[in-house]
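Here is a short report on one protein chain. Look at the picture first, then read on.

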Amino acid sequence: MATTSITWSRELPSFATVLQGGRLSDRTRLALRMLFILALIAFLQCPTFASGGGGHGEAAGGHGAEPAPLPPHDPKLPRAIDLGSFDLRNFRPTHNEIASLKFAVHVVLPPGTTDDTVREFEHWKRRLRDQAITAIRSATTDDLADPKLQRVHRLLYLRLKRVPTPQGISDVYVTDFAMSSG
């Protein structure tokens, strides 16, 4: 069997050499420069890059911006923080069940909770949501079929109370609960 060996007789020129007058015509170099200038203008027109703020979860005003004011609240009343709505498919192969669960969870903070504490809870939402999903998935089918959802409420409350949040959680509300099997 014959083998063919390929060797390069010369090296390829670098891109800078080509742009500085190597092998490109004047017209092509001008077109590349215009393309670069247009890309730079488009980049600078983007408000995220031009202002230096935004992106990666920062406030709209950048690093030193004031947080958005919360609606007025009576300090004698408890405060509820919405963890959002959940849409889970719970598959249990040992029981040959697939359940679709839809619900929303609100965490209740004790009376006297300050606005700063409520803002701090924004950083804990993902962790609290993960714990809520874990609690719901650990519930049995009988627990989920209970009309009062007492055991589900207890599982959620105990699971979320264990998270080391800036302030203790006094209660948990489960709303819009729906389960379908299929």
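By the rule used here, the chain has four salt bridges. A salt bridge is a side-chain nitrogen of Lys or Arg within 4 Å of a carboxyl oxygen of Asp or Glu. Side chains of opposite charge can pair when their charged atoms come close.

The model is predicted: local features need pLDDT of at least 70, side-chain atom pairs count only at pLDDT 80 or more, and totals for chains, interfaces and linings use all residues. Residues are numbered from 1 along each chain as its sequence is written, and side-chain values use heavy atoms, with hydrogens and water left out.

**Salt bridges**

The table lists bridges from this set, including the one between Asp 115 and Arg 79.

| Pair | Closest N to O |
|---|---|
| Asp 115 and Arg 79 | 2.7 Å |
| Lys 125 and Glu 122 | 3.6 Å |

Asp 143 is buried, with a relative accessible area of 12%.

**The overall fold**

The protein chain has seven helices and three strands. Helices (H or I, at least four residues) and strands (E, at least two) are DSSP runs, numbered from the N terminus. Read from the N terminus, the order is α-α-α-β-β-α-α-α-α-β.

The chain has 182 residues, and 24% of them are buried. Its accessible surface is about 13500 Å², and carbon and sulfur atoms account for 57% of that. Such areas come from the Shrake-Rupley method with a 1.4 Å probe; for residues, only the protein chains shown count as cover.

Now take contacts, meaning heavy atoms within 4.5 Å. Among contacts with a separation of 6 or more, 66% join residues 24 or more positions apart.

Where does Arg 79 sit? Arg 79 is in strand 1, residues 79-92. Arg 79 counts as buried because its relative accessibility is 9%.

The side chain of Arg 79 makes a polar contact with the side chain of Asp 115, at 2.7 Å. A polar contact is a pair of N or O atoms within 3.5 Å; within protein, one must be able to donate a hydrogen and the other to accept it, and residues adjacent in sequence count only if both atoms are side-chain atoms. The Arg 79 side chain also reaches the backbone oxygen of Thr 113, at 3.2 Å.

Asp 115 and Arg 79 form a salt bridge. This pair links distant parts of the chain: Asp 115 is in helix 4 (residues 115-121), Arg 79 is in strand 1, and they are 36 residues apart. Asp 115 is partly exposed, at 31%.

Leaving out residues up to four places away in sequence, Arg 79 touches several others, including Leu 70, Pro 71, His 73 and Val 118.

**Helix 7**

Helix 7 covers residues 150-161, and Leu 156 lies in it. At 1.5 Å a residue, its 12 residues should span 16 Å. The expected span is 1.5 Å times one less than the number of residues. The end C-alpha atoms are 16 Å apart, which agrees.

Which residues of helix 7 are buried? They are Val 152, Leu 155, Leu 156, Tyr 157 and Leu 160. Leu 156 has a relative accessible area of 0%. Leu 156 touches Val 105, Ala 132, Ala 135, Ile 136, Val 172 and Val 174, not counting residues up to four places away in sequence. The C-alpha atoms of Leu 156 and Tyr 173 are 9.2 Å apart, and the two are 17 residues apart along the chain.

**Two positive phi angles**

Most residues other than glycine have a negative phi. Leu 149 is not a glycine, yet its phi is positive, about 55 degrees. Leu 149 lies in the loop between helix 6 (141-145) and helix 7, and is buried at 12%. Asp 176 is not a glycine either, and has a positive phi of about 50 degrees. Asp 176 lies in strand 3, residues 171-181, and is exposed at 65%.

Notes. Buried means under 20% relative accessible area, exposed over 50%, partly exposed in between (1.4 Å probe, protein chains only).
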